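Let's take a walk through this protein together, with the sequence and the structure side by side. Keep the viewer open so that you can find each part as we come to it.

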Amino acid sequence: MQMDTQMEKDEDRERLLESEENNHAAHDKVERRSSFEVDEGLQRRHNRKRRGGLFASIDKRYWFAFSLPALLLLIYFTTNLNSWFGSTPDLKVEFPQEQMRDAELRALYLLQKQQQGLLHLWSYITMNLTANAATNITPNRSLIATPNPALNTTLNATSPPSLNTTFNNKSPTSDESPNTTFNNKSPTSDESPKTASKESPNITSNSPENTTSNVTSSAFSNNVPSNAAFNPSISGAFVTELLSQITLNQEIQQTLLSSHRTGNVSDSEQFDVNTTLNYYGGSTSRCSKAASNNVERRTLKWNPRNDRYLVAICLSGQMSNHLICLEKHMFFAALLNRILVLPSPKFDYQYEHSLDIQHMKDCLGSNTIMTFEEFYNKKKDHLHINRLICYMASPPCYMDDDHVKKFKGIGWSIGKTEVAWPEDAKLKSYPSHPRSEEIVKRFSCNDEVIGIGDVFFADVEEKRVMQPGGPLAHKCKTIVKPNQYILLTAQRFIQTYLGANFIALHFRRYGFLQFCNAKEESCYFPIPQAANCILQKVQTSNAPVIYLSTDAPSSETDLLQSLIVLNGRTVPLVKRPAHDAKGKWDALLYRHRLHSDDQVFAMLDKTICALSSVFIGTNGSTFTDDIIRLRRDWGTASTCDEHLCQGEKPNFQADLH
């Protein structure tokens, strides 16, 4: 038993020794391996860096962390997720933006329907205006409104299918339907313009052609019967307001359409108000001929004695002032029953070059007016004024010593000189003697030849003198008018450069800065302000060109031209060009040797302005006043005629020194 126990102990000791030996052997092996494999591991990592670079050392887990977000972003930007997760065809969600879009397109439809109604009304009004203006003239425009192609194209391209069906196939139910007057007279007159006469220049108007109207719109026919009575008295303001509403309607349409358009819209797709209105008949201009004044004139019959003469003496200002002075001399001669002798061209302007003297004689009587040459041939060498009765007291007859010397230097001799109202010499202003009885009493005498001096500032019977047609009884519409060569030249110029529809602008500048600033309200406007006023008239009249009559330097006219831009288009300012032998419009003046007289071209400017569709004048200018007189007498005056920036004040004014 003890032997067995001893044997088990020996076996346990052997196993323990064997286990310790194995452990020592393993430990020695690990130590030997770790000592020589350190350098080998470093060498392997160094080789991997050389073969794969910096990224070869990054663990695959890091690569996965970086690549997954990048992959998700790529899928997000390149894939239409709505097609994967879209709603079913039967489910439709209305968003506020979609509802707003549908509402805008619905409003566009209603606006287009309103536009059609306005255009129907426009056609009806213009048709009746034309019929009242001339007999047997009715426009040939269908009253069926043609929808705007650009509008329909845009609506069809942007509207949802249901809305397009509504636009194309049906209309909404009935419950869904959605100037300063120009003073056409001189500053001292309050009379209205006269109508045109047979003397009026033969300028072709742009009136509608002679055709027959065909009303085919049942809706419009129900609202405005074809046999409805038309009242011409409502035409002026009503037509202007109607055109304004049509324009406003189109502006609203364009504003609503702007948010639905994609890309640029070509010119052919844009709606042109003027073109559409022309299609429906009538002119797009809001300017019409000024109303005629049928009030009977107060006239005086001119019956001169054959041997009594009044010599005209005009000294104040330039040609326009002299023409006013000459017209007042006619009235004085008629009151005194004398023949009027026109001034000598050596002392005054050569009126025969600018005026139609024979026309004046035909209107008033052959024995009423005599040229200086005719008087000289009759009196031979005896040019004598028996009595000089001066209307103006200081200086007498408005003639200073230089004028007296010049007057006598051409052969005139002067007898007795006196002043009609000596007390006027103390006045600081111009004299006022408004009653014709005073004139007859002060100037009547039995002397053969008399003179009264300059009467430009005379105020006798102002309303009577400045009334349309003048104060004298005659058989013409106007007495003082350009001679025939100037009138024909003006017509040829208009046909060459301007056409029937143009604005004429008299832009007086030279010497007017101080003159206007001395007035209670200045009439001298800065160029930008003047340009804005002109543009308003261009827009109102729809005139494509402006004739410019001015004495302004090129620095001012160039600036003015640069500012006359409407809807991106420059409205040209046309000035009368210098003579060119290749151009034939002014050949008559050169053929008859009138080209050397500056006053001939001044009268030519007046005539062109008088024949314009719309005239813009300069307040305080007698040149403008004479144009107004011609337009009034010829019947060319317009409801849009006015002074430049009428009713406004200059936005800047210099101090008086």
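Predicted model: local features only at pLDDT ≥ 70, side-chain atom pairs only at ≥ 80, totals over all residues.

## The six-stranded sheet

Start with the open sheet of 6 strands, whose order is β3-β2-β1-β6-β4-β5, with parallel pairing. At its edges stand β3 (369-370) and β5 (413-419); each has a single partner strand, so one side of each is left without a neighbour in the sheet.

As background, strands of a sheet pair through backbone hydrogen bonds, either parallel or antiparallel.

## The five-stranded sheet

Another open sheet has 5 strands in the order β11-β8-β7-β12-β13, again with parallel pairing. Its edge strands are β11 (573-574) and β13 (642-643), and each of these pairs on one side only.

Within this sheet, β7 and β8 run parallel and are joined by 5 bridges. A handy pair to pick out is alanine 504, which stands opposite tyrosine 547 in β8.

## The second largest pocket

Of the 43 residues that line it, the closest to its centre are Ser320, Asn321, Arg508, Thr622 and Phe623. By class, the lining has 19 nonpolar, 13 polar and 11 charged residues.

Several elements each supply at least two residues of this lining: α10 (319-336), α16 (462-465), β7 (503-507), α18 (512-517), β8 (546-550), α22 (598-610) and α23 (622-634). Among them, α22 gives the most, with 6 residues.

## A closer look at α22

Is α22 largely enclosed or largely open? Of its 13 residues, 11 are buried, so the helix is largely enclosed by the rest of the structure. The buried residues are Gln599, Val600, Phe601, Met603, Leu604, Asp605, Lys606, Thr607, Ile608, Cys609 and Ala610. Asp605 and Lys606 are on that list, and both count as charged.

The length of α22 can be checked too: at 1.5 Å a residue, its 13 residues should span 18 Å, and the end C-alpha atoms are 19 Å apart, which agrees. At the start of the helix, a side-chain oxygen of aspartate 597 reaches to within 3.0 Å of the backbone nitrogen of glutamine 599.

The largest cavity holds about 290 Å³ of space. Of the 23 residues that line it, the closest to its centre are Glu327, Val465, Met466, Arg629 and Arg632. The elements that give two or more residues to this lining are α10 and α23, and the largest share, 6 residues, comes from α23. Sorted by class, the lining of the largest cavity has 10 nonpolar, 5 polar and 8 charged residues.

The second largest cavity has a volume of about 50 Å³. It is lined by Phe507, Arg508, Arg509, Phe512, Cys516, Cys523, Tyr524, Phe525, Thr618 and Leu644. These divide into 7 nonpolar, 1 polar and 2 charged residues. Arg508 is one of the lining residues of this cavity, and Arg508 is also among the residues closest to the centre of the second largest pocket.

## Backbone details in the loops

Serine 394 and proline 395, however, are joined by a cis peptide bond, with omega about -10°. You will find proline 395 in the loop between β4 (384-390) and α14 (401-409).

Next come two residues with a positive phi. Asparagine 337 has a phi of about 55° although it is not a glycine, and its place is the loop between α10 and β2. At 33% relative accessibility, asparagine 337 counts as partly exposed. Arginine 593, not a glycine either, has a positive phi of about 60°; this residue lies in the loop between α21 (587-591) and α22. With 69% relative accessibility, arginine 593 counts as exposed.

Methods:
Residues numbered from 1 in each chain as written. Heavy atoms only, no water. Pairing = 2+ DSSP bridges. Helix = DSSP H or I, 4+ residues; strand = E, 2+ residues; numbered from the N terminus. 1 Å grid on protein atoms, 1.4 Å probe; cavity = no way out; pocket = protein on both sides within 12 Å on 5 of 7 lines; lining within 4 Å. Expected span 1.5 Å × (residues − 1). Buried < 20%, exposed > 50% of the residue type's maximum accessible area, 1.4 Å probe, protein only. Polar contact = N/O pair within 3.5 Å; in protein donor to acceptor, adjacent residues only side chain to side chain. Points joined across faces, edges and corners; volume = space filled by probe spheres on them.
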